[in-house]
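Please open the model in your viewer, with backbone torsions and aromatic rings ready to display, and follow the stops below in order.

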Amino acid sequence: METPQELLEHLDPEQREVATHLRGPLCVRAGAGTGKTRAITYRIAYGVHAGAFEPNHVLAVTFTARAAGEMRSRLRDLGVSGVVARTFHAAALSQLSYFWSTAIGGRMPPVTEHKGALVAQAAARLGMSYDRVAVRDLTAEIEWAKVSLITPEAYAERAAAAGHIDVAGHSAAEIVQLLRVYEEVKEDAHQIDFEDTLLYLVGILLDRPDIARQIRGQYRHFTVDEYQDVSPLQHRLLQLWLGESRELCVVGDVSQTIYSFTGASSLYLAHFTDEFKDARVIELIRDYRSTPQIVATANDVIASDVSEGAVRLVSQVPSGVPVKWKEYEDDAAEAADIASNIRELQLAGVPLGDMAILYRTNAQSAEFEAALSNVGVGYTLRGSERFFSRREVREAMVALRAAARSGVQGPLADNVRATLRQMGWRDEAPEVAGAVRERWDALNALLNLATEMEHVRSASMLDFVRELEERAQTQNTPEVDGVTLSSLHAAKGLEWRVVFLAGLSEGLLPISLAKRAADVAEERRLLYVGVTRAKEQLYLSYAKGNGSRAGRKVSRFLSPLWPREEKPVSRATSYRQRRTAEAAAFVAEHGEDVALFEELAAWRTARAREMGRPPYTVLHDTTLRAIAIAKPMTLPALGRIKGIGDTKLASWGDDILHIIAAFRTDYAN
């Protein structure tokens, strides 16, 4: 068992700051690959081993069951047990189940896992037309309204402001009716949904101070991961969990905010110090995942997104190969060449499990599935059949439980290998693709997990079975040896040595449905998430056509970066071209901020004339655009914008804030 000080030796200076700040509110702004999960896990472990935290008084909240399971596993490796690590919904459901009979009475209704049938019933009652796709969209809209704490009375105004127009072809008035009737149908069925678990618990905490005191007595230290994805409902529940306490650590990255369409808001992370005035803010910018070449591309992609609280990454790994940019005639050619590259990498010694193909929509996977099959490369489709639902995995778990009960001794990996061999598994992978290879890969993933556990904590067979059971509950899947096919959304939180980002054309990224500036900005962040999944090699590609249709253009997010074979141009011409491209991107993505930019530019021109200097020496266009987008209201907030140093802040800060305040007032009126 390591001492508290020995634990800290595994961390870099900023991570160590996180781990040792154990009292009061703490906000960790952590870029991709900077070890944020490591930092907060070590913070909990350090707090426990130093005697500052009692494990059973700590509640760590994550956004996926997989992440919660991973955190519990990491804490066990650090000698800490008893910490509760759950998703918001799982934590709320546990508390609601415990207090339901006391606070509400009777038996708690079951939680429906699939509300689509209830939504369809509600639509039918109202005579609304619907099909499978419409039910999916209507369900998503109901969930968005509930997690955003939007009542039916406020829906029309809030939906219009958020760009939720003609959802599934229905008017706002129809959606308002649906919101009400859905609740009636759900009540008639004696069921509640996942959003209700949070809403009911919020109501109980507000109405029953005695229950609130009991929960606050149980949980005294809170950690929330992926804080940029918190919804208004989750934030309200967190406030009520805390009460008067200020023992909260949050961690997140505003540049990875890609779930706004579900009700998530990065404002709680960006404005954390507004809610907790004396909060400590620590930035993690050392990227231990990606090469400098990949990090540079990621920084370039996200440079136009000036979300408050964003960080710029600095790679900490050795220089690698250049990022590869490829253009294809059509989708089939793109898929075929990517499959060929993967086959070559595999022959060169790169495991298939260390490679991934990422794309914007699930519909794009079919071309890649066919191309990989043609070259005999196995793959796993993220989001398809759950690992622990596979027949061979269920049978293996039965056999492993029996072996554990028999008291088998010896090294864990050897025992697991022997058990799997009794099921027909062999050390050598079958050379054919398809179901036979998938079965072998699934069982081999169990063996790899056993080998890892034996190495990390000398686990027994019983420990291994318990680990599998917990992973099955949280769907924390062991790594399977096959190329991963995944949408960009599903890839968040994962990493691979080699990543192929495909289909990077206008209409796909940004998706054609992204009309508002805020939606386009989120698409840019989605690309940033994709780029930062790569550790060693990154391939960026798009197809100019699809079958008989041509004319696709590369994504606007990459157009300024895409390598071109052009005649040499002067430095001045290159500079002008870059300024023109930056200005066009600003107008396209932030049209509503152009008026404020022009006000600021007019002020700059007047100031420059007074001083007898060129306008750009006062403030660069890039800085003015950043100010127009962020609209800071205080000098410290203005000072955080790149290009505003202490001297400029002291000289012109008040003038700039006055212009912003006047613009806000005019806009509001």
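This is a predicted model: local features need pLDDT of at least 70, side-chain atom pairs count only at pLDDT 80 or more; totals for chains, interfaces and linings use all residues.

Residues are numbered from 1 along each chain as its sequence is written, and side-chain values use heavy atoms, with hydrogens and water left out.

Most residues other than glycine have a negative phi, and most peptide bonds are trans. Select Leu509 and Pro510, where the peptide bond is cis with omega near 5°; Pro510 sits in the loop between strand S13 (496–501) and helix H23 (517–531). Helices (H or I, at least four residues) and strands (E, at least two) are DSSP runs, numbered from the N terminus.

Next, select Ala168, whose phi is positive, near 55°, in the loop between helix H8 (152–161) and helix H9 (172–188). Ala168 is partly exposed at 28% relative accessible area, where buried means under 20%, exposed over 50% and partly exposed in between (1.4 Å probe, protein chains only). Then move to His190, in the loop between H9 and helix H10 (194–207), where phi is also positive, near 55°, and the residue is exposed at 61%.

Finally, display the aromatic rings: the structure holds 14 aromatic pairs, among them Trp325 and Trp562, edge-to-face at 5.3 Å centre to centre with 80° between the planes. Trp325 lies in strand S9 (residues 324–330) and Trp562 in the loop between strand S14 (534–545) and helix H24 (571–589), so the pair ties together parts 237 residues apart in sequence. Rings of Phe, Tyr and Trp (its six-membered ring) pair if their centres lie within 6.5 Å, and planes under 30 degrees apart count as stacked, over 60 as edge-to-face and the rest as tilted. Trp325 is partly exposed at 22% relative accessibility, whereas Trp562 is buried at 10%.
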